[in-house]
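Subject: Structure for you to look at

Hello,

Here is the structure I said I would pass on. Please open it first and keep it beside you while you read the notes below.

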Amino acid sequence: MGNPPELYHKILNIPKDTSPQEIRAAYKNLVKKWHPDKHPPSSKPEAEARFKAISEAYEALLDQQENRAVFGLCNDGRAGERAGGGGVGPRMERTRSDDLCMRSAPGTPAREFKKVYSSGNSGGRRAFAEFSSSIMRKAPPLERKLECTLEELCRGCKKEVKFTRDVVTRNGSIVKKEVSQTVVVKPGWKKGKQVVFEGMGDERPGCLPADAIFTVSEKKHPTFKRVGNDLVLKAEVPLVSALTGWSLSFRLLSGKKVSLAFQDEVIRPGLEKVIRGEGMPIPEHKGGARGDLRVKLEVVFPKELTCEQRAGLAEILKGSCC
């Protein structure tokens with residue numbers, strides 16, 4: 001088949017001294033994984049290329065290791081003779097009868113696929129060449145951002161993404177093709193989360209199709225800031241309200257309304273109120289676990305006071321405790 005044995009071993013992911021039985025086992029596992037009928041349209045081209053290469057590698061290695069056994073089976077156990085007569089020949093010349101025996105010999109399922117995925121035709125050779133070169137090379141990924149609002153990351157949603165990819169035509173030219181995919185955003189996803197569409201990126205001659213990778217980015221929210229699984233809300237409180245009483249109402253990302261009242265306490269600078277379980281969903285935890293909501297209160301002091309205001313405040317606060 002014209003390729004070095006090392007390449008065949010690499011395709012089947014086996015060491016060089018593997019026995020025929022181990023080669024068959026590796027082959028069976030790989031063809032089950034890469035059979036084209038088990039793959040969706042998006043990954044079918046890659047599966048077909050891998051399947052054809054796996055079949056060729058399997059046949060090539062068995063030819064090398066089982067040639068004598070197969071030849072003996074076809075000749076009633078007689079060993080092959082050299083063309084010039086005499087003793088047992090160390091190498092065997094392939095004949096049509098040998099090929100017939102090989103196709104019918106038990107334990108060689110690769111032959112069953114030979115008619116469809118034969119490396120003897122131009123399509124099989126091309127697929128094998130593409131696959132063998134892609135063992136160490138794959139087209140660079142096509143990377144895009146997936147912008148999500150904080151509400152979408154909190155509740156979850158479906159987003160349709162459209163992008164343009166390079167596609168290799170039958171004649172080898174490269175054309176642009178617009179593709180549409182649906183991303184199911186799960187509640188609690190964070191920025192930096194990656195969604196990978198295997199084989200849906202750019203195509204290059206001699207390489208496996210690249211992956212299309214979408215990385216979640218978080219749009220800035222006017223009210224909340226996300227810190228891990230928690231939500232942080234910063235609120236400014238006028239000094240007079242911090243001293244005499246203050247209340248705050250707002251809506252969570254879920255739409256639920258929340259009210260906080262500070263009527264019987266003085267709001268100190270940097271005071272933080274924590275509302276348990278009202279933060280972002282935690283996807284790693286089952287049972288609807290969520291982070292917390294942290295309300296940070298910042299007291300706003302006046303930039304200047306009149307003499308009368310200073311005197312009045314001094315009189316009012318004279319007997320207060322620190």
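**Salt bridges**

D166 forms a salt bridge with R204, and their closest N and O atoms are 3.1 Å apart. A salt bridge here is a side-chain nitrogen of Lys or Arg within 4 Å of a carboxyl oxygen of Asp or Glu. D166 lies in strand β2 and R204 in the loop between β4 and β5, so this pair ties together parts that are 38 residues apart in sequence. Strands (E, at least two residues) and helices (H or I, at least four) are DSSP runs, numbered from the N terminus.

Before going further, note that this is a predicted model: local features need pLDDT of at least 70, side-chain atom pairs count only at pLDDT 80 or more, and totals for chains, interfaces and linings use all residues. Residues are numbered from 1 along each chain as its sequence is written, and side-chain values use heavy atoms, with hydrogens and water left out.

D166 also meets K176 through their side chains, in a salt bridge of 2.7 Å from N to O. Since D166 lies in strand β2 (residues 157-168) and K176 in strand β3 (residues 174-185), the pair ties together parts that are 10 residues apart in sequence.

D166 is buried, at 8%. K176 is exposed, at 63%, and R204 is partly exposed, at 33%.

The structure holds 10 salt bridges. Another one of them joins the side chains of K273 and E265, at 3.8 Å from N to O. K273 is partly exposed, with a relative accessible area of 30%, and E265 is partly exposed as well, at 31%.

**A sheet**

In which order do the strands of the open sheet of 3 strands come? The order is β1-β5-β4, and the pairing is mixed. Two strands pair if DSSP finds at least two bridges between them. β1 (142-148) and β4 (194-197) stand at the edges with a single partner strand each, so one side of each is left without a neighbour in the sheet. From one strand to the next, the twist averages 25° (axes are lines fitted to C-alpha atoms, for helices over the stretch in contact, and angles run from 0 to 180 degrees between N-to-C directions).

β4 and β5 (residues 212-218) run antiparallel and are joined by 4 bridges. V196 stands opposite I213 in β5.

**The surface and the whole chain**

L305, L313, I316 and L317 form a nonpolar patch on the surface, with about 350 Å² of accessible area together. I316 is found in helix α9 (residues 307-316), and I316 is exposed, with a relative accessible area of 66%. Patches are made of residues with over 30% relative accessible area and no salt bridge; like charges are joined within 9 Å, and nonpolar side chains (Val, Leu, Ile, Met, Phe, Trp, Tyr) within 5 Å. Accessible areas come from the Shrake-Rupley method with a 1.4 Å probe, and for residues only the protein chains shown count as cover.

The protein chain has 9 helices and 11 strands. Of its 322 residues, 40% are buried.

Regards

Technical notes: Buried < 20%, exposed > 50% of the residue type's maximum accessible area, 1.4 Å probe, protein only.
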